[in-house]
Amino acid sequence: MKTLTDKVVVITGAGSGIGRALAVEVASLGAQVAVSDVNETGLAETVELAKAAGSPLVHAARLDVADRAAFSSYAAAVREHFGRVNVVVNNAGVTMTGDFLDTTPDEFDWIMSINLDGVITGTREFLPDLIASGDGHLVNISSLFGLISVPGQTGYNASKYAVRGFTEAIREEMLVGEHPVGVSCVHPGGIKTGISRNGRKTLGSDAEAIDVLFEEKLAKMEPARAAQIIVRGILRDKARVLVGIDAHLIHHAAKTVGSRYQDVTARLTKRMMPARRG
C-alpha cells in the first residue's frame, strides 16, 4: 500500500490515545474513517477531530470488541456504509496491573477478552474484506510487553504476546496464499495515553501510585507521533513496527542478553513499582 488517499480505514478503540491519533492522522492523509469505542463521549470528540483533519466521511459507532455478535453487526454496518474496507487497525486494549496470585479468574478473562479476543474477532470479521479490496492492510496493536515480560503484568503480557504470535501467523498465511494484504504487528513503548488510569488494578495495589509512575516516568511519546510511526509502517509494509526509543532499546537489549533480561527486569521493577497495600 503506497497511499491512504481514499482508503477506508477502520480503527477500534478510537475514543482516545493512539486510536484517536491514528484516526486524525489517516484523515489528514485523505482516508475515509470508521471509528469505534465503548466511550461514546470520547468517540464523538474523535469524529470532530477527524473531520477537521480532512475526512469528510466518518462512520462512528459504540463497540465493545469483546462482544462477538456486536462486532459482527458493526462490521456489516461498516461494509454497507462504505462498500469496502482497505485497512483495519485492531487497537482497542486495556490493562490489568497486579501480581498473578492477586488476579481473579474473572479479571484475567476480562483482559484476554478485549486484548486478544477483540483482535481475533476484528481480524476474522474484516480479513475477507481486506483481501477483496485488492490492496489491504491489517494492523494489530501489541505492545513492548509483547516482546518482553514484566512482573505485575501477567494478563497484559499474555494477551500481547498472543497478539504478536497470532498476527505474525496471519501475515505468513497471507504470504502463502498470495493475498494482497500487508500485515503489521505494532509494539508501542510508553505512550502518553490514559490506558493505565483507565485500566484495572488488583485488590491491594496502590492504583494512584501506579498511574503516576506510568504517566511521569514511563510514558514519553505523544500519541500523534506514535500514529505517524504506525502509518509509516503501514505504507512501508513493515511486519513489525516498534514505536518509541524505549521500545527499540529494550527490545534489542533483551535480544542481546537473552533470558537473563528477566533477572534485570525483576530487580528494576522491585525498585520502581509501588509497594502492595495491606
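## Lys7 and the segment before strand 1

Lys7 lies in the segment before strand 1, where helices (H or I, at least four residues) and strands (E, at least two) are DSSP runs numbered from the N terminus. This is a predicted model, in which local features need pLDDT of at least 70, side-chain atom pairs count only at pLDDT 80 or more, and totals for chains, interfaces and linings use all residues. Residues are numbered from 1 along each chain as its sequence is written, and side-chain values use heavy atoms, with hydrogens and water left out.

Lys7 counts as buried because its relative accessibility is 14%; buried means under 20% relative accessible area, exposed over 50%, and partly exposed in between, with a 1.4 Å probe and protein chains only. The side chains of Lys7 and Asp135 are joined by a polar contact of 2.8 Å. A polar contact is a pair of N or O atoms within 3.5 Å; within protein, one must be able to donate a hydrogen and the other to accept it, and residues adjacent in sequence count only if both atoms are side-chain atoms. Leaving aside residues up to four places away in sequence, Lys7 touches Met1, Ala31, Gln32, Arg84, Asn86 and Asp135, a contact being heavy atoms within 4.5 Å.

Asp6 is also found in the segment before strand 1. Asp6 has a positive phi, near 65 degrees, in a residue other than glycine. With 42% relative accessibility, Asp6 is partly exposed.

Leu4 belongs to the segment before strand 1 (8-11) and is buried, with a relative accessible area of 3%. Residues touched by Leu4, not counting those up to four places away in sequence, are Val9, Val26, Leu29, Gly30, Ala31, Val87, Val231 and Leu235. Leu4 and Leu235 are 231 residues apart along the chain, and their C-alpha atoms are separated by 8.1 Å.

The largest nonpolar core has 33 residues, and those touching the most other members are Leu4, Ile11, Leu22, Val26, Val35, Ile230 and Val243. Such a core is a set of buried Ala, Val, Leu, Ile, Met, Phe, Trp, Tyr and Cys residues joined through side-chain atoms within 4.5 Å. Two or more residues of this core come from each of strand 1, helix 1, strand 2 (32-37), helix 2 (40-53), strand 4, strand 6, helix 8 and strand 9. A second, separate core of 31 residues includes Val88, Met96, Met174 and Val183.

Strand 1 pairs with strand 4 in the parallel sense over three bridges; two strands pair if DSSP finds at least two bridges between them. The bridge partner of Ile11 in strand 4 is Val89. Strand 4 also pairs with strand 6 in the parallel sense, over four bridges, and there the partner of Val89 is Val139.

## Helix 8

Helix 8 (residues 223-235) has 13 residues and reaches 18 Å from its first C-alpha to its last, close to the 18 Å expected at 1.5 Å a residue. The expected span is 1.5 Å times one less than the number of residues. Its buried residues are Pro223, Ala226, Ala227, Ile229, Ile230, Val231, Gly233 and Ile234. These buried residues pack against helix 1 (17-28), strand 4 (87-90), strand 6 (136-141), strand 7 (181-188) and strand 9 (240-243).

Asp237 is located in the loop between helix 8 and strand 9. Asp237 is not a glycine, but its phi is positive, about 55 degrees. Its relative accessible area of 37% makes Asp237 partly exposed.

## Aromatic pairs

There are five aromatic pairs. Rings of Phe, Tyr and Trp (its six-membered ring) pair if their centres lie within 6.5 Å; planes under 30 degrees apart count as stacked, over 60 as edge-to-face and the rest as tilted. Phe71 and Tyr74 form an edge-to-face pair, 6.3 Å centre to centre with 65 degrees between the planes. Phe71 and Tyr74 are separated by about one helical turn because they are three residues apart in helix 3 (residues 68-82). Both residues of this pair, Phe71 and Tyr74, are buried. Phe71, Tyr74 and Phe126 form one aromatic cluster.
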